[in-house]
Amino acid sequence: MNQSPDTPDRARRMILKGAAVCGVAGLGLADLPLLLRPARAADASLYPQKAFKQKSEADALKELYGKTATPSDKISLDAPEIAENGAVVPIAISSTLPKASAIAVLVLENPYTLAAAYKIPEGTEASVSSRLKMAKTSKVVAVVESDGKLYTASKEVKVTVGGCGG
Amino acid sequence: MASTIRVRASANGDTTEVQSLIRHPMDSGFVKDKSGKLIPPHHIDVVQFEHGGKTVFTAFWGPAVSKDPYLKFSFKGGKKGDDLKVSWVDNKGETDSLTAKIR
Amino acid sequence: MHNRVLIGTAVALSLTGMTTVAVAASADDFKAAYAKAEAASKKSLEMKTQWTTAVAELKAAKKAADAGKYDEAVKLATHAQALANASIEQAKEQEKLWADAVVR
Amino acid sequence: MLRNCFIALAIVLGTAQPLLADTPKVDPQADFKAFREYFTKRFPNVQLNDFVNGPYSMDEGLRKQWKAIEEFPPYEFALERGKELLSKPFKNGKTFADCFPNKGIGIRQNYPYFDTKSGKVITLELAVNQCLEKNGEKQYDYKKDDMAAVTAYMAYTSRGKPMDIKIPDDPRALAAYKKGAEYFYTRRGQLNFSCASCHVQSAGDHIRSEVLAPALGILNAMPIYRSAWGGMGTISRRFTSCNSQVRATPLKPQDELYRDVEYYLSYMANGLPIVGPGARP
C-alpha cells in the first residue's frame with residue numbers, strides 16, 4: 001500500500017502489477033446447437049466443432065485433417081515478435097507449396113489451440129491475413145494442406161499487456 | 001440498421017484481392033463482465049465468399065478470432081463489376097450477408 | 001523535494017498500521033473512525049485529488065463492519081483516512097511544485 | 001532550489017492576484033516553443049507531423065502492426081455510424097449541421113475554443129451534447145458509442161488540417177489555459193503521476209510491449225479505437241482512464257479542468273495535422 005515516490009520505473013512496476021489481461025483463460029464452451037442455414041449462405045453444418053475444442057496441436061489437426069504435419073520452409077508466417085495487444089494480433093500466412101487446399105492457424109497456449117481454419121478452393125491463393133486473440137506468450141503455428149499432406153511453420157509471439165500506454 | 005459486413009474487393013490483373021471486416025463481438029466465453037459473470041461465447045463460426053456461383057473462400061473461426069474480425073485473401077478470376085457475396089453464421093444461429101461489387 | 005514529503009506520508013501510513021488498537025474494537029469505535037475517514041475522503045473529492053484506493057479501503061471497512069469484524073473495520077477505516085489525508089497533502093504540495101515540471 | 005523558494009514565496013505573496021501574478025508568468029507562445037523543442041530535440045528521428053501517431057511514431061515493430069490494422073481499421077463502423085448521426089434529423093427536424101459551422105464538416109481542428117460569451121472552454125464533445133440538449137434530444141454518453149462515432153466522423157472529415165487553437169485576448173482564456181497546464185503537470189493519484197510523468201518525461205519509453213505516447217499531438221488522433229477497450233473511446237474516456245490508472249478518482253467527463261487540459265494540450269499541438277480517428281493498442 002505504502003507507495004513511495006515516484007520514479008517512473010517504480011510506478012511502472014506498480015502499474016504492471018495491476019495490469020489487466022485480455023482474459024482468454026478458464027472455463028469451457030457450452031455446446032450450442034447449430035442451425036442449418038439456407039443454401040447460398042454460410043453453411044454452419046460445415047463447421048468443424050470438435051476440432052475447435054482440442055487442447056493440443058496434434059489433436060486439433062487430427063480432428064481437422066485426420067493426419068499429422070511436418071515442418072516446411074515453404075510457409076511464410078508473418079506475426080509480430082511482440083504483440084502490441086493480445087486482443088488483436090495480426091497474423092498473415094502464405095505458402096508456395098503446390099495444390100494448397102487448406103490453411104489453419106493455431107495458438108498453442110490458448111485454452112483451445114485451433115484459432116481459425118480456411119478452405120482454399122482451386123483458383124484461390126494460399127494466403128490469408130487475420131487478427132487473433134492471444135491469452136499469453138505462445139507459439140503460433142501455421143498449417144498448410146498441400147497435395148493431401150500437412151506442413152507447418154511456427155513462430156513465438158510475445159504477449160504483454162501494459163498499463164498507462166497508448 | 002447498417003450491414004455488419006464491410007468488404008473491399010479489387011481486381012488487379014487476373015487476381016482479386018478481398019478484404020473484409022465484420023462487426024461482431026466474438027465473445028470467447030472466457031471473459032467476465034463487470035459484475036464478474038462470464039460472458040457466454042458468441043462468435044462467428046463460418047464465413048463464406050462466393051463469386052460466379054462458386055465458393056472462393058471459406059473461413060471457420062473459433063473463439064480466438066478478434067472482435068470485429070478482419071480477413072484478407074485473394075482469388076483468381078474476378079473482374080471489375082462482378083458480384084462478390086459474403087455471408088456469415090455465428091454459434092447462436094445469427095447470420096448476415098452482403099453482395100459487393102468488385103472494383 | 002516533493003519526494004521527501006511523500007516519503008513522510010508513506011512513513012505515516014505504515015505507522016497507522018502499527019498503532020492499531022490492541023483491545024477489541026466496538027461498533028462505536030468503528031463509527032467514529034469511519035466518520036473521520038469519510039470526511040477526509042469527501043474533502044479530497046471536493047479538492048479533486050481523491051485516490052481510488054482511499055475509496056476502496058472505505059468500502060472494505062464498511063463491509064468488515066457489516067460482518068461484525070470491528071477490529072479489521074477500524075483498521076481499514078484508519079488506513080482509508082490516512083490515504084485520504086495523504087492525497088490532500090499531495091494536492092497542497094503540488095500547488096507549488098507543478099510549475100517545476102513544466103517544460104521550459 | 002532557490003527558484004523553488006522564490007516560486008513558493010511568489011505564490012504566498014501573490015494571493016491578491018492569484019491567476020497572473022505568480023512566476024513564471026503565463027506565456028502560451030513561450031510554452032509552445034519550449035514544448036515543441038523538447039519533443040523534437042528528444043526525438044530527432046521522428047518527423048514533426050508523425051508525433052500525432054503516438055507510439056507508432058517511435059517503434060518499428062508497433063508501426064508494422066498498426067499499418068496492418070489500418071488496412072481495414074476497426075473504427076470504420078464508428079465512421080459509418082457517425083456519418084449517419086450527423087445527417088439524421090432530430091425530432092424537431094433539425095440536425096447537427098444546424099449547430100456547427102460548415103455543417104460540422106472539416107472543423108475538428110478548431111476545437112476546443114474559448115467562448116468569450118460564457119467565459120468557458122468549449123470542446124467538440126461538449127458542443128455535441130449542447131447541440132442535442134438545445135434540440136430537446138437525449139445527450140450522449142461522453143465516453144464512447146455515439147459520441148465517439150460523431151466525433152470520429154467529424155475528425156475524419158478534418159484529416160490533414162492543422163490544429164488551430166486560439167487564445168483570445170481575454171484574461172479568462174489565459175486563466176483557463178493556465179489551469180489546463182497546471183492540471184497536466186500536477187501529480188495525482190496514489191501512484192503520484194501527472195499526465196506529464198507518462199507523456200512528457202517518459203514519452204517513448206516502453207512499458208513492456210507498449211510505448212508511451214508523446215503528449216505532443218496526442219489529441220490529434222482522437223477519438224480512438226483501442227484494442228484494450230475493445231472499442232471506441234473519446235477524449236473524455238482517455239482522460240478518465242488515465243486518472244484511474246494512476247489511482248486517482250477521475251473527474252466527471254467534461255469537468256472544467258478536463259476541458260482546460262484539452263485546451264492546453266491542443267494549443268501545444270497547433271499546426272500538427274488532425275489524424276483522427278486513430279487505432280491504438
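Trainee: Why is the pair B:R6 and D:E80 called a salt bridge?

Mentor: A salt bridge is a side-chain nitrogen of Lys or Arg within 4 Å of a carboxyl oxygen of Asp or Glu; the closest N and O atoms of B:R6 and D:E80 are 3.2 Å apart, so the pair meets that rule. This is a predicted model, in which local features need pLDDT of at least 70 and side-chain atom pairs count only at pLDDT 80 or more, while totals for chains, interfaces and linings use all residues. Residues are numbered from 1 along each chain as written, chains are lettered from A and ligands numbered from 1 in the order written, and side-chain values use heavy atoms, without hydrogens and water.

Trainee: How do you know how much area is buried between chain B and chain D?

Mentor: Buried area is the accessible area (1.4 Å probe) that two parts lose on being put together, summed over both; for chain B and chain D that is about 1200 Å², with 51% from carbon and sulfur atoms. In chain B, the residues B:R6, B:R8 and B:L21 lose the most area to chain D, together 47% of what that side buries. Between chain B and chain A the buried area is about 3500 Å², with 58% from carbon and sulfur atoms.
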